[in-house]
Number of protein chains: 2
Amino acid sequence: MNHSYDDTTSALRAAEHVDAARLLRSIDALATIGARGDGGVDRPALSTLEIDARRGLIERAQALGCTVSTDACANLFFRRAGEEDLPPVITGSHIDTQPTGGRLDGAYGVLAGFECLAALADAGVHTRRPLEVAIWTNEEGSRFQPGAMGSSTFVDPARLAGFRSVRDAAGVTFGATLDAHRTAFPSLATRAPGAAHAFIELHIEQGPLLELAGTPLGVVTGIQGVRWHSIRCTGAAAHAGTTPMRVRRDAMTLAVRVRGEIEAFALELGGDAARITFGSWHIEPNSINTIPSTVTLTVDFRHPDPAVLARFDAALAACIAHHGADVHLEPLFEHPPVHFADSAIARVRSACDALGARSQPIVSGAFHDALHLAKQCATAMIFVPSRGGISHNPLEATDDADLVLGTRALAHCLVELCNEAH
Amino acid sequence: MNHSYDDTTSALRAAEHVDAARLLRSIDALATIGARGDGGVDRPALSTLEIDARRGLIERAQALGCTVSTDACANLFFRRAGEEDLPPVITGSHIDTQPTGGRLDGAYGVLAGFECLAALADAGVHTRRPLEVAIWTNEEGSRFQPGAMGSSTFVDPARLAGFRSVRDAAGVTFGATLDAHRTAFPSLATRAPGAAHAFIELHIEQGPLLELAGTPLGVVTGIQGVRWHSIRCTGAAAHAGTTPMRVRRDAMTLAVRVRGEIEAFALELGGDAARITFGSWHIEPNSINTIPSTVTLTVDFRHPDPAVLARFDAALAACIAHHGADVHLEPLFEHPPVHFADSAIARVRSACDALGARSQPIVSGAFHDALHLAKQCATAMIFVPSRGGISHNPLEATDDADLVLGTRALAHCLVELCNEAH
């Protein structure tokens, strides 16, 4: 091969060949598969609906001259050949949804990847490295828990054995759905897990920050760390009419106090970047005329700074200890903050700049497949604004112009990464 | 008849003939019918278990020379004849229980009434008026809602038609169980609703006040008034990780604030006598990583003073109005305070004094059949202490000595009332 791989020219040419109408039509088309009456989408992971959607995308990729492969976790890879035998650059996301999901979460990243494949073809752009669009399996975690099974097993294949026995609400194992997927697509090649040069995931923000700032593109520098806990507050059930206030042990009174204390130190320690949520509550006996005996509430604390997370852990332990035996803490889950690769972040930022588009750094508050890919290769993300910050909701929406701009930035960035020698 | 009805002598003689061992044995015996493994009792209203218990008490009353009658709501009346044709004095309570009930709630009042029938017979005491022990149907309201169907229809028979179509959790109508009760006891006479001279109900306190004061007998002067409300607080569901604190509309944050405001003015208006409880909570979507969109909580406010209840109503309306459209109030139920008849209260107090027993006035925090009888005739109650204030619980207990003392006070009081000419 004797190309010079003129990044700037070919990357801009690819971005210019992004076809707005084709992109938006593809989003509309995918949203018909699992469409809800309210404009949302309900497309469970590896359901008949998702298999149908995958079949359509396989046919589209083959028509674009791509090869299609799958792996042991039913991830799909749509590969546009490169000119050298080097690890590919991967983009993509997922096409499973929440039960009351919208049409963009995940689907936008996959379809923008397809639009890039088409734009590169239209522009006649050839790249040094192969470009792959991935559909990662079961990102949402709505049908099978935990989420992100596909991307996490791509990075750590040993996890798959444990996932196969997980059952959905109807009792179907994840393993059985993987086998059915293989049967549905018998002719696909098998892709080994392993080397990837870089991963770029384009996604809606799912929060209000870009809209509030009036910025169309977010250069995602990482993903917040998270702590999930369950707190059980114990009181004593007693008759609402006969029990004087001074002798009550009301578990809800205790829970409200504990909630207030945790919220106060979470905000003090974490400042503007802190996210503290008490989302799930279970009250016993939950009767109008009985004083609550037990209240169990959940804590979701997120912050991008590992030092803040550590200080939160210490403050929480002290708070629980202070309340003695009546308050019990059970840690449920934690994940450290992820900082994306500076090289990949720089590629995203320069793509925005090259298009003359305003962008700003942003930390992702939600998890994404990129959380796992970041352990494997240089990874970053691009965000576009979510109207009203709404997500996981049929009302989820992004302005068409932002959807197109995000795809142009993705195309630019992918071509630059695909032409990296090292 | 030419008795002089020497109240003081015959009332004391009746009290002295209360047989502690017989009383306690009868409580133990009834507690075997519907016994739970944990020492409690589960005896649903008009269940096979309760029918069995009624059969045993009918046989016992007939052996004591009493006549037994029933009415259209399956209330049972065990009547010891008086010497004049005057309206009877009634005592008694109920023998249905909560699903996780104790052995004393209701049953104690009925069995103490039976002990009085036996004590009067043993003492050879004759009374001017008849004495009736009543078993009121479905007081707890656990199987069929609302509670106190028997005593409320005795006072207001027109209510029965509406009650007959109420169904239990298995779909059985209250009317069908009334018919089955009539079939089970075909030979019983039918008692008309109507005239009663007085009603005295002996009951466990179900609260801690007598125990805290070290007083064995409570002279119940009335029953608190109550307000039940449901309050719906509306926010907006959003992602726990992506939504900054400053743009959140967390329905639980709002609900906690509203709860605090209501509690504050309830205690300020009501002082030591106020009882304010937020017992039932429903949180949506109740997910660990989603900000609550809707929280519905219940308010149970009780106070013996109608003026305080009225001021609470006004303060609550102002509080809800202040929060605007995000907070919605739905009244569920209310009942004014009941003040028992001074004449009946005086009879209870003088019975305690005649026995040399310490007593104190007390307002009932719970509802009882006496709430309804008070509309019909001179009504009062006697309370004995509840250990730890515990009730509606298998751990419900009262010291044997207090159970016996309460029964002696009841016997004294009943004889005095039975000998009243007017």
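Where in chain A does Asp105(A) lie? Select Asp105(A): this residue is in the loop between strand S3 (89–93) and helix H4 (107–123) of chain A. Helices (H or I, at least four residues) and strands (E, at least two) are DSSP runs numbered from the N terminus. The model is predicted, with local features needing pLDDT of at least 70, side-chain atom pairs counting only at pLDDT 80 or more, and totals for chains, interfaces and linings using all residues. Residues are numbered from 1 along each chain as its sequence is written, chains are lettered from A and ligands numbered from 1 in the order in which they are written, and side-chain values use heavy atoms, with hydrogens and water left out.

Stay on Asp105(A). Its relative accessibility is 5%, so Asp105(A) counts as buried (under 20% relative accessible area; exposed is over 50%, partly exposed in between; 1.4 Å probe, protein chains only). Leaving aside neighbours within four places in sequence, its contacts (heavy atoms within 4.5 Å) include His94(A), Asp96(A), Glu140(A) and His392(A).

Next, select helices H11 (residues 342–354) and H13 (residues 400–418) of chain A, which pack at about 125° with axes 8 Å apart. Axes are lines fitted to C-alpha atoms over the stretch in contact, and angles run from 0 to 180 degrees between N-to-C directions. Show side chains: among the residues that meet are Arg347(A) and Val348(A) in H11(A), and His412(A) and Glu416(A) in H13(A).
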